[in-house]
Amino acid sequence: MVAGIRNCNLQLKASATADLKGKPKFTSVQWNPHQNCSQIATAVDTSIRGWDLRSMQQIWLIEGAHGQLVREFDFNPNRQYYLASCGDDCHAKFWDIRNSNIPVMILSNHSHWIWTIRYNHFHDQLVLTSSSDSRVILSRVASISSEPFGHLIEDEETSSVDDGDQDKKVFQDGVIATYEEHEDSVYSTEWSSADPWLFASLSYDGRLVINKVPRAEKYRILL
């Protein structure tokens, strides 16, 4: 395996060095999906830094994004300047990188470190978080999403709902569902790229759980 890697003739295209004191902890890295693969971001200790790969320069900074270590972050798939982050301070925070002095929203639904935060690929008002409190939480952040007045239920499931009432529906932010199938720290969770209602989670004890949002909870998203 090692010999195979050596024969691949891999080449380093570019590099940059962050001017940081001490021995900073890099915990997460994400491509920005909105900038034609020209931007990348890194979580470093309690901060999140954005980099332009064309100039190899830092282009934005969320200083002190969390009171403790930033565990992970995720770019909003539909709103190019928005991202969500989580960390050891038990908070999930949402940011506009054009004005990163304060978060646009904070969720405090977990009682221990939050390891993962994930936007739904299809509906950016839905966010999953997983934590060392052994829970996975599905939250709604409609007020800062690209579809604050849209509906998420497939047409065949809302045939009995009056269209006029749907148009007037305003979503409320907050917890939609809590999943407690794990018995240990939930280190990772991920939405399906094919089914908007399907997600997986993985915990420290080696348990992999596949969940599908039940029909009843889909209707709760409209409440």
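How many residues are in the hairpin that joins strand 13 to strand 14? The hairpin joins these two strands through 6 residues. The structure is a predicted model, in which local features need pLDDT of at least 70 and side-chain atom pairs count only at pLDDT 80 or more, while totals for chains, interfaces and linings use all residues. Residues are numbered from 1 along each chain as its sequence is written, and side-chain values use heavy atoms, with hydrogens and water left out.

The protein has 3 helices and 15 strands. Helices (H or I, at least four residues) and strands (E, at least two) are DSSP runs, numbered from the N terminus. Of the 223 residues, 48% count as buried; buried means under 20% relative accessible area, exposed means over 50%, and partly exposed lies in between (1.4 Å probe, protein chains only). The accessible surface comes to about 12000 Å², and 50% of this belongs to carbon and sulfur atoms. Accessible areas come from the Shrake-Rupley method with a 1.4 Å probe, and for residues only the protein chains shown count as cover. Among contacts between residues at least 6 apart in sequence, 47% join residues at least 24 apart, where contact means heavy atoms within 4.5 Å.

Two strands pair if DSSP finds at least two bridges between them. Strand 13 (residues 186-191) and strand 14 are antiparallel and share 5 bridges, with V186 opposite S203. Strand 14 is also joined by 5 bridges to strand 15 (residues 208-212), again in the antiparallel sense; here F199 has N211 as its bridge partner. Strands 14 and 15 form a hairpin with 4 residues between them, and G206 in the turn has a positive phi of about 85°.

The side chains of strand 14 alternate along its length. L202 is partly exposed, with a relative accessible area of 40%. Together with L208 and I210, L202 makes a nonpolar surface patch of about 300 Å². Patches are made of residues with over 30% relative accessible area and no salt bridge; like charges are joined within 9 Å, and nonpolar side chains (Val, Leu, Ile, Met, Phe, Trp, Tyr) within 5 Å.

An open sheet of 4 strands has the order 5-6-7-8, with antiparallel pairing. Strand 5 (70-75) and strand 8 (105-107) stand at the edges and have a single partner strand each, so one side of each is left without a neighbour in the sheet. From one strand to the next, the twist averages 20°; axes are lines fitted to C-alpha atoms, for helices over the stretch in contact, and angles run from 0 to 180 degrees between N-to-C directions. Strand 5 is joined by 5 bridges to strand 6 (residues 82-87), and the two run antiparallel. F75 has L83 in strand 6 as its bridge partner.

Side chains of opposite charge can pair when their charged atoms come close. The model contains 8 salt bridges, a salt bridge being a side-chain nitrogen of Lys or Arg within 4 Å of a carboxyl oxygen of Asp or Glu. One of them is formed by E72 and R118 (3.1 Å, N to O). E72 lies in strand 5 and R118 in strand 9 (residues 114-119), so the pair ties together parts that are 46 residues apart in sequence. Both E72 and R118 are buried. R135 forms a salt bridge with D133, with the closest N and O atoms 3.1 Å apart; these two residues are also buried. A further salt bridge joins K212 and D195 (3.1 Å, N to O). K212 is in strand 15 and D195 in the loop between strand 13 and strand 14, 17 residues apart. K212 is partly exposed, with a relative accessible area of 48%. Salt bridges that share partners join E72, R118 and E190 into one network.

Most residues other than glycine have a negative phi, and most peptide bonds are trans. N36, which is not a glycine, has a positive phi of about 55°. N36 is found in the loop between strand 1 (26-31) and strand 2 (39-44) and is exposed, with a relative accessible area of 72%. C90 likewise has a positive phi, near 75°, and is placed in the loop between strand 6 and strand 7 (92-96).
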